[in-house]
Amino acid sequence: MPHGEALPFHLVAQFLQVNFGLEEGETAPAQAEKVAQGIERLDPALAWTVPYLRHVLGLPADELESEGLDQVQRKRRLIDAVKALTLRGAQHQPLVLLAEDL
């Protein structure tokens with residue numbers, strides 16, 4: 001989508017919205033709950049990823065402020081969170097991601 005090309009992690013956010021069944025018009029707390037429940041169902045050991053995934057989705061992630069990470073460290077953890085979710089999801093069921101013009 002041309003309007004989102006300049007936004008960092010826009011494509012990742014779209015994949016996450018579909019993955020967690022987030023609907024436009026839902027409240028932020030409702031969406032945050034869907035993310036937490038989705039991670040809990042997939043693998044409770046991935047609970048550490050929830051604040052990072054919420055951050056990518058533009059949802060409140062107050063826990064990240066208390067970590068004391070700089071921007072580079074936070075970005076690295078965010079990438080690790082998405083990677084962990086993707087790899088664990090692929091172990092659970094076949095996974096195909098298609099990104100045109102990547």
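Start by selecting E63, which is partly exposed at a relative accessible area of 38% (buried means under 20%, exposed over 50%, partly exposed in between, with a 1.4 Å probe and protein chains only). This is a predicted model, in which local features need pLDDT of at least 70 and side-chain atom pairs count only at pLDDT 80 or more, while totals for chains, interfaces and linings use all residues. Residues are numbered from 1 along each chain as its sequence is written, and side-chain values use heavy atoms, leaving out hydrogens and water.

R54 is buried, with 11% relative accessible area. The structure holds 4 salt bridges.

Next, select K34 and E26, another salt bridge at 2.6 Å, N to O. K34 is partly exposed at 25%, and E26 is partly exposed at 25%.

Move on to D43 and R88, whose side chains meet in a salt bridge at 3.3 Å, N to O. D43 sits in the loop between helix 2 (28-42) and helix 3 (50-56) and R88 in helix 4, so this pair ties together parts 45 residues apart in sequence (helices are DSSP runs of H or I, at least four residues, numbered from the N terminus). R88 is partly exposed at 23%.

Last stop: which residue is partly exposed, with a relative accessible area of 34%? That is W48; Y52, by contrast, is buried at 1%.

Notes:
Helix = DSSP H or I, 4+ residues; strand = E, 2+ residues; numbered from the N terminus.
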